Amino acid sequence: MEAHTFPVYKVDAIVQFLRNNVSDENLTKSDIAPNPKPDTIQRLYMKILHQVFGFRPECHSMMPINENVQYSAILEGVTPVLSVYICMCQFLPMCHIYDFQLNDILSPKVKRTIYILSGIMNFLHFRNLRQGMLAETQQTYKPVMDKLQTLTQEINEAEKKIQELSTIPPEQKAQYEELSAALSDLQNHMDHEVQEVSAVNSQIAELKADHAERSQKLVSTIWLIH
C-alpha cells in the first residue's frame, strides 16, 4: 500500500464520485469513515461489480448448492460474501490492487477501504474517459462506414455497367465480326498502298538526284566550252 500507482482520494470525494457514478445515492461519509460498515461496503462492491461487469447483486446469492451438504443454511449465508470476494480478486488487479483479502469485506478498516475505493475510483475515471473517446470514435466511424458502403455499391454498379458495355449482344455479334473483318481488310489494303507510295517516292527521289547530277555536269561542260 505504500507505493501507490494511483492517487488516494479523500472520503468526501470518494462518496461524491460513487454516489454519482455507481448509483449508490444512499452512501454517506459515515459508511466509510471512521468505521466502515461491512454490509454497506459489501453492497457497494456488488454495485461496482454490476457496473463494470454487468453482474447483478442478486446473482451473488445464486451459486449452486448441493442439497445434501451439511449446514446448507450457513453456506447460503456465506455464499454472497465468497462470491463478492472472488469477483473482487479478479477485478482489483485492473485497479493495480493485488492484495485484496476476505477481511476487506468482513472487517473493513478505514485506511484500507479508502485505499481500495481510491483504486476503483481511479479505474472508473479511466474507464469513463475511454468510454467517452469510444463513443466519439463510433460517431465518426458510422458515417464513414455508411459512406464506404455507398461508394462500394456505386463501384459495383459501375463495374456492372462497364461489363454490359464491354459485352457485345448476341444479335449484334455477327455484324461486329463482319465489321471487324472489313476493318482488318481495309487496314491491310492501306498498309499495302502506303508501301507502294513509299516505293514511288523513293524512285522520284532517285530520279531527282540523277537529274540534278546530269544538270550539274551539263553546266560544267558549257563553262569549259566558253
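# Close-up views of a predicted helical model

Leaving aside its neighbours within four places in sequence, Thr40 is in contact with Leu27 and Asp31. The model shown here and in the other views is predicted. Thr40 itself lies in helix H2, and with a relative accessible area of 9%, Thr40 is buried, because buried means under 20%.

**The chain as a whole.** The chain has six helices and zero strands, so that, when read along the sequence, the pattern is α-α-α-α-α-α. Of its 226 residues, 23% count as buried. Among the contacts in the chain with a separation of 6 or more, 63% are accounted for by residues 24 or more positions apart.

Gln42 has its place in helix H2, which covers residues 38-53, and its relative accessible area of 14% makes Gln42 buried. When residues up to four places away in sequence are not counted, Gln42 touches Pro80, Val81, Val84 and Ile105.

**The largest nonpolar core.** This core has 35 residues, and those with the most contacts inside it are Tyr45, Ile48, Phe91 and Ile120. At least two residues of the core are supplied by each of helix H1 (11-21), H2, helix H3 (72-91) and helix H5 (110-166). The largest share, eight residues, comes from H5.

**Tyr45 and its surroundings.** Which residues does Tyr45 touch, not counting residues up to four places away in sequence? The list consists of Val84, Met88, Phe100, Asp104, Ile105, Ile116, Leu117 and Ile120. Tyr45 is also one of the residues with the most contacts inside the largest nonpolar core, and Ile120, which Tyr45 touches, is another of them.

**Helix H2 beside helix H5.** The axes of H2 and H5 come within 12 Å and cross at roughly 20 degrees. Because angles under 35 degrees count as roughly parallel, H2 is roughly parallel to H5, and H2 passes H5 in a left-handed crossing. On the side of H2, the residues that meet H5 are Ile41, Leu44, Tyr45, Ile48, Gln51 and Val52, while H5 contributes Thr113, Ile116, Leu117, Ile120, Phe123, Leu124 and Arg127. Divided by class, the residues of this contact are ten nonpolar, two polar and one charged.

**Helix H1 across helix H5.** Here the two axes come within 10 Å and cross at roughly 50 degrees, and H1 and H5 are therefore oblique to each other. The crossing of H1 and H5 is left-handed. From H1 the contact includes Val11, Ala13, Ile14, Phe17, Leu18 and Asn21, and these are joined from H5 by Ile114, Leu117, Ser118, Met121, Leu124, His125 and Asn128. The contact of H1 with H5 has nine nonpolar and four polar residues, and no charged residues. Leu117 and Leu124 of H5 take part in the contact with H1, and both are also listed in the contact of H5 with H2.

**Leu92, buried in a loop.** Is Leu92, a residue of the loop between H3 and H4, buried or exposed? Leu92 counts as buried, with a relative accessibility of 0%. Not counting residues up to four places away in sequence, Leu92 touches Ile97, Phe100, Ile116 and Ile120. Although Leu92 and Ile116 are 24 residues apart along the chain, their C-alpha atoms are separated by 8.3 Å.

**His96, with a positive phi.** His96 is found in the loop between H3 and helix H4 (103-106), the loop that also holds Leu92. Phi of His96 is near 65 degrees, which is a positive value in a residue other than glycine. With a relative accessible area of 41%, His96 is partly exposed.

The peptide bond that runs from Ala33 to Pro34 is cis, and its omega is near 5 degrees. Pro34 is found in the loop between H1 and H2.

Key:
Residues numbered from 1 in each chain as written. Predicted model: local features only at pLDDT ≥ 70, side-chain atom pairs only at ≥ 80, totals over all residues. Heavy atoms only, no water. Helix = DSSP H or I, 4+ residues; strand = E, 2+ residues; numbered from the N terminus. Buried < 20%, exposed > 50% of the residue type's maximum accessible area, 1.4 Å probe, protein only. Contact = heavy atoms within 4.5 Å. Core = buried A, V, L, I, M, F, W, Y, C linked by side-chain atoms within 4.5 Å. Axes fitted to C-alpha atoms, helices over the stretch in contact; angles between N-to-C directions. Parallel < 35°, antiparallel > 145°, perpendicular 65-115°, else oblique. Left-handed = near helix turned anticlockwise from the far one by under 90°. Nonpolar A, V, L, I, M, F, W, Y, C, P; charged D, E, K, R; others polar.
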